[in-house]
Amino acid sequence: MILEFLISAVGLGALYALLTIGVALLFGVLGLMNFAYGEIILAGAFAMYLFRDQPWLVALLMAIVFAVVVALLSERLAFHPLRNADPVTLMIASFAVSLAIQSLARMTVLPRTRGVAPEDFLAHRVDLLGADVSVLDLLTLALCGTMLVAVAWMMGRTSLGIQLRAAAEDFQMASSLGVRANLVIPSAFVTVGVLAAVGSAVLVARQGAVSADMGLQPMLIGVVGAVLGGMSSLKGAALGGFLLGAATALLESLLPTDLIAFRDAFLFSALIAVLVVRPQGLLSGAKVRVS
Amino acid sequence: MKKLGSVTGVLQTPVLLIALVLLAALVGVGGDVTVARVATLAIVSVVFVTGLSIFSGSSGVMSFGHVAFMAVGAYTTAYLTIPVNLKAALFTNLPGWLSWLVDAHASFLVALLVSGVAAAVLGVVTSPIVARLSGLQSGIATLALLLIVYNVLNSWTDVTRGSSSMIGIPRNTTIWLAFAVAAGSIAAAWAYRRSRSGLQLQASREDYWAAQASGIAVGRHRALSWILSAFVCGLAGSLYAGYLTSFNVNSFFLTATFAFIVMIVLGGYLSLSGAVIGALVVSGLQELLRRLQDGQFTGGSALPAGVADLILAAVLLLTLIKAPLGLMGVRELVLPRRRRRAAPDDDATEAVTPAAEAPTQAARGA
Amino acid sequence: MVLSITDAYLQYGASVMAVQGCSLHVGEGELVSLIGQNGAGKSTLVKAVMGQVPLHSGTITVDGHSVSDRGFSTVRKRVSHVPEDRGIFASLTVGENLRLGGITRKDKAGLARDIERELERFPVLRKYWSRGASLLSGGEQQQLAIARALLLDPRLLLLDEPTLGLAPIIVDLIFDVVVQLREEGMTILLVEQNAVRSLEVSDRSYVLQAPGKVLGSGSAAELGELPAVVEYLGFSPAEVGVTR
C-alpha cells in the first residue's frame, strides 16, 4: 500500500517536474511565460491519437516530431519577431498562439474529444515487492524519470547545455561571449518540444482521451511549479514541480472528496501568496528577474 | 505637463468617446434584432474595457483577471433579480448560512449597483496583490485570481449551480441603459485619469522606483484604481446578465479574457480612447467573423468552428508585432486643430497625455 | 589601429545623450586607459564598442570594420569585454564559465593550451575549478572574468572598472595582471576610477568629462602639461610620483 502510493506520488512528481522544466526553460532563456506550452503538449497528444494503432514507441516518436515542429513553428512565426519585447507582451503573444493552435485543432482534427484506448500493457498490474502496482504508474515514473535524467545530463554535461544555462541567467553576457541566439533559442524550443511530447504520451495514457483544450491543465501545472520553485533556476523549477506533484498525490488521497473540487483554488491562492511574499520562489535563494 | 486648459479642451476626449458609443447605440436602435444585440453587447464590452483601462491604462500593468469581477457582477445580479419562486427551485441545496439568498430581491438598478459594489469588495480583498507586483508577476497573479474565481464558481455547485447555466434572469438591460452606464464609466475613467491619484500613477508607469523614491505611494494609487476598475467591471457583468437572461460559468473564463485583451491591446492599452475604440472595433469584427464562420459570406457553406478565434488570435499577434501600443498608442481622441490636417507630429504632441512615454521601456525592466 | 572611435554620439536610456562627440583610438599592443568620474560616459563608450549601446552618430571601428556594419559580428568575436559587474554566471561552475569563454573557438587544442595558461596565471581558478561561481569572492570572480575574456583569444580586451570594490591586495594583483598582459603584447582599453594606478601602468590615457568629452590625452607626463586635466584630476601626475 505504501509502496504503491510512493510509486504513484513520485511518478506524478516526476511528470509535474517535466512539465515545469518546459515552462521554466523558455522563461529563463527568453523571458517568455509560454501559455502555448499546453498546445505543444496538444500536438504530441494528437500524434498519440493519430498513431494509436501503431506500436506505442512509434507513436511516442511521432509525438516528439509533432511537438517539436509545433514548438519551432511557434518560435518562428510569433516569438521570433518579438525577441526584444517585454515579458508581458510575450505572455500576451503566447495567449494568442495558444488560442490559434487550439482553434486550428478544433477546425480540423479535433472538433470534439477523441478517445484513445489505453495500450493493453498499460492496463496490467504487476506485483512488485509484495505491492500491487499498475504498469501505468511504473511507466509514468520510468519515462519521466528517464527524461529528467536526460535533461540533467544535457544541461550539465554538454556544451549546448552550458550555453542554455548561461543564456537563461544573463542573455546579454552570454551573447557577448559568442553564444548565438539563433542557436540557443531554437534549441530551447526543441528541448521544450521533446519534454512536452513525453509529457503528452504520459497524459494520454492516463486520461485515455485527447481534446483541443487538454493542454490547459498541464500548462498551468508547469506555471505554478515554476513559480513555486523559482523561475530563474531550472533545478529549482524541477524541484518545485516535483513537490507540487507529490503534494497533489498526497492531497488527493487525504482530502475529503468535496474539497478536492477546490484544489485549483487552493493551488492558485498559494501561487499568489508566493508571488507576493517570496517572488524568488520557495526553493531558490537567487534573485529573480523582476518583470 | 499641460496645464488644465479650457473646459472644452479637457472634456473633449470623454465627450467624443461618449459620442462614439452613442453612435453605436443609434445603430443598434435603428437595426434589426441581431444588430441591436451586437450593439448592446458591444456597449457592455465598452463598459468592461473602460473599467480595465482605469487600472491598466494608468498603471501600465496588464491584468488578466478582470473577467473575475465581471463574473461577480453577473452572479450578484442573478441572485438579486431572478424571481424568488424560481430561485427556490434552482437552489435547493443552499447551505444554511446563505439561505437568505433565496429571498433576496431587488430592482434591477439596485442590483446593478450592488453588483458593482460586490465586485469592488473582491477588488478590495485582492488589492494588496496588485499594489505589490508589477510586470509579469502581476500578470501571473491576476490570471491566478481568475482561475480561483472560476474554480470556485464551477465547483461550488450548491450555491453557483456549477457548470449548469444560471437561468431566468429578467431582461432589464436596454441599449439605452447600457449606453448610460458606458457614458458614466467613460466619464469616471477620465475623471480618474485627470485626478491627482491618476496622474501620479501615470507618472509611476515610466519608472516605478523613481516614482516611489519621489514620494508617490504607487501601491496605494494602484489599489485605488484597481478597486474603481473592479466596480466598473462588476457593472459590466450585471448588464451582461441582465441582457442575456442566462449565462454559464464558462462565459467568464479564458475565451472572454482573450477577447477583452484583443480589444484593449488593439486599441492601445495606455489610452482610454484606445480602450473604447478597441472594444467597438473588435466587437464589430467578432460579429463579422461570426457571420463568416456561419457561411454568410461564403454562399451558405459554414466554415469549421474556430475560424473566428484563429483570425482574432492572428489580429492580436500582428498588433503586438507591428504596433505594440495599439491603434492609439498613448494618444487620446481629440478634434483636429483649426488647420484641418495638422502635421502628424504636432498632432501627437498635442494629444499626448501627461507623463506619456513608451511603457515598454518601463515594463522591460531587467 | 585596433580600435578607433571618431566623433561618437551615444544615447543611453530614453533621453540622455551620455557621450557627445568623443574621439579616441587604441593602437596595436597599446594599453590605453579611460579616466574620469562617475557618469563621464566611460562605460557607455565600452558598451558601444560591444554593440550594446546604439551609435547615434560618428564611427566606431575595430580593425577597420565599423560596429554598425552587418558583418561586424565576426569582428566582435575578437573583442573581449569584462563588464563592470563582471558578468559571471552564478549558476555555472568556474570550469563551465571558462569553457564559455572559448565557446566560439574552433581550435580545441589551442583552447586547452590557453585554459592551462590562464590556470597558471590565476591558480585560484584551478583550485575552485568545479565549484559554483556564486561561491567565489569578489576578487576571485574578477579573476575568473578576466581569464574567461582572455580565452576568447581577443584582439582587443575591454576592462571596465576591474578593481571596483576590491580589497587593496586584490587591486595590486589585478594591476599586476594588467601589466603582465601588456608585456605579452595584448591590446587593452582599461576603464578605471583609480586615476593614479592607471596612469602608472598605461601607455596613454584619455581623461573624460561628462558627457564623454575628451579633456586631454597622452602619457602621464604629457597630461601633466595640460592645466585643464590637472585641475579636473586634482593633481599633476608627476606630483604623485607617476613618471611613466
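**Exercise 1. How many residue pairs are in polar contact across the interface of chain C and chain A?**

Before we start, a word on the model: it is predicted, so local features need pLDDT of at least 70 and side-chain atom pairs count only at pLDDT 80 or more, while totals for chains, interfaces and linings use all residues. Residues are numbered from 1 along each chain as its sequence is written, chains are lettered from A and ligands numbered from 1 in the order in which they are written, and side-chain values use heavy atoms, leaving out hydrogens and water.

*Solution.*

Step 1. Know the rule: a polar contact is a pair of N or O atoms within 3.5 Å; within protein, one must be able to donate a hydrogen and the other to accept it, and residues adjacent in sequence count only if both atoms are side-chain atoms.

Step 2. Applied to chain C and chain A, the rule finds 5 residue pairs, both residues at pLDDT 80 or more.

Step 3. Look at where chain C makes its side: helix α3 (residues 94–101) of chain C gives the most, with 4 residues. Helices here are DSSP runs (H or I, at least four residues), as are strands (E, at least two), and both are numbered from the N terminus.

**Exercise 2. Find the salt bridge between chain C and chain A.**

*Solution.*

Step 1. A salt bridge is a side-chain nitrogen of Lys or Arg within 4 Å of a carboxyl oxygen of Asp or Glu.

Step 2. The count for this pair of chains is 1. Its partners are C:Glu96 and A:Arg165, at 2.7 Å from N to O.

**Exercise 3. Describe the area buried between chain B and chain A.**

*Solution.*

Step 1. Buried area is the accessible area (1.4 Å probe) that two parts lose on being put together, summed over both.

Step 2. Chain B and chain A bury about 3800 Å², with 81% of it on carbon and sulfur atoms. On the chain B side, B:Leu136, B:Gln137 and B:Ile140 lose the most area, together 18% of what that side buries.

Step 3. Count the residues in contact (heavy atoms within 4.5 Å): chain B brings 42 and chain A brings 46.

Step 4. Check the pairings: there are 0 salt bridges between chain B and chain A, and 3 residue pairs are in polar contact, both at pLDDT 80 or more. The biggest contributor on the chain B side is α7(B), with 14 residues.

Step 5. Sort that side of chain B by class: 30 residues are nonpolar, 9 polar and 3 charged. Here Ala, Val, Leu, Ile, Met, Phe, Trp, Tyr, Cys and Pro count as nonpolar, Asp, Glu, Lys and Arg as charged, and the others, Gly among them, as polar.

**Exercise 4. Which part of chain B has pLDDT under 50?**

*Solution.*

Step 1. pLDDT is the predictor's confidence in each residue, from 0 to 100. For chain B the mean is 87, and 90% of its residues reach 70 or more.

Step 2. The part to find is residues 339–366 of chain B, where pLDDT stays under 50. For these residues the model has 44 contacts beyond four places in sequence.

Step 3. Read with care: where pLDDT is low, the predicted coordinates should not be read in detail.
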